[in-house]
Amino acid sequence: MRVVSLVPSLTEAVALSAPGVLVGVTDWCTHPADLGVARIGGTKNPKTERIVDLAPDLVIANEEENRAPDLADLRAAGIEVLLTEVRDVPEAFRELDRVLTACGTGTRPRWLDEAERTWSALPAPDRRTSAVVPIWRRPWMVLGRDTFAGDVLARLGVDHRYATHEDRYPRIPLEELRATAPDVVVLPDEPYRFTADDGPEAFPGLPCALVSGRHLTWYGPSLAEAPEVLGAALRAARR
């Protein structure tokens, strides 16, 4: 089995669960760090000719992370593309199961069972917290409706202000973001790398939680520890 992954979180899941099947991944596939396979460009601009040359049996993609024209080119070249869609935590588990089965894992990996148990056993939050969740600046963009990261936060007791916006990742002026007066501003380190020196200064007087983008937006092995990691960052910001 030869697999090319165009989705960083799925790369990690496949590498851990089906060692040896990956022959190509994107430049953004950072986990596992020692993955020694071909790099085929970015998630939005993969080198489709390079992928074809790798002669994969399967290309794993995602409807949000990858562009339809690139996937159409691969299909036109006779390559099978498995397209995933993940908008919430339960869907993440279903799609992970589908992807790993397609990659020939045979048995369901232990980490996937453990991650699903972790999320199903989450206690009800003792209080709800309002938030804005920027994912980019220049221009400012935030989580909107129907996103995996939004569902992750909701299950941890965090209700982001733009959950019912018509766009999934709306562009909102900074002044409007400040005016919503959230309990906390959640600043992940991807896709934009917010840091202590780049992000919090735009929200004076508001608590800011610097969180791991991998634990907020990736659906893979990191799901097992995501509630604990994200919860700790959120609690630290609210003190």
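Author: Start with helix H6, which holds both Arg-155 and Asp-151, four residues apart, about one turn of the helix. Helices (H or I, at least four residues) and strands (E, at least two) are DSSP runs, numbered from the N terminus. The model is predicted: local features need pLDDT of at least 70 and side-chain atom pairs 80 or more, while totals for chains, interfaces and linings use all residues. Residues count from 1 along each chain as its sequence is written, and side-chain values use heavy atoms, without hydrogens or water.

Arg-155 and Asp-151 form a salt bridge, with their closest N and O atoms 2.7 Å apart. The term means a side-chain nitrogen of Lys or Arg within 4 Å of a carboxyl oxygen of Asp or Glu. By this rule there are 14 salt bridges. Side chains of opposite charge can pair when their charged atoms come close.

Arg-155 is partly exposed, at 35% relative accessible area. Asp-151 is buried, at 18%. Buried means under 20%, exposed over 50%, and partly exposed in between (1.4 Å probe, protein chains only).

Next, Asp-146 and Arg-87 meet in a salt bridge at 2.5 Å, N to O. This pair links distant parts of the chain, 59 residues apart. Asp-146 sits in the loop between strand E8 (141-142) and H6. Arg-87 sits in the loop between E5 and helix H4 (89-102). Arg-87 is buried at 16%, whereas Asp-146 is partly exposed at 35%.

Another pair is Asp-97 with Arg-108, at 3.5 Å, N to O. Asp-97 is in H4, and Arg-108 is in the loop between H4 and helix H5 (110-120), 11 residues away. Both are partly exposed: Asp-97 at 31%, Arg-108 at 32%.

Now look at the sheet that includes E5. Five strands form an open sheet in the order E3-E2-E1-E4-E5, with parallel pairing. Two strands pair if DSSP finds at least two bridges between them. E3 (38-39) and E5 (81-84) stand at the edges with a single partner strand each, so one side of each has no neighbour in the sheet. E5 pairs with E4 (residues 58-62) over four bridges. There, Asn-62 stands opposite Thr-84 of E5. Helix H3 packs on the sheet and touches E4 and E5. Contact means heavy atoms within 4.5 Å.

Notes:
Axes are lines fitted to C-alpha atoms, for helices over the stretch in contact, and angles run from 0 to 180 degrees between N-to-C directions.
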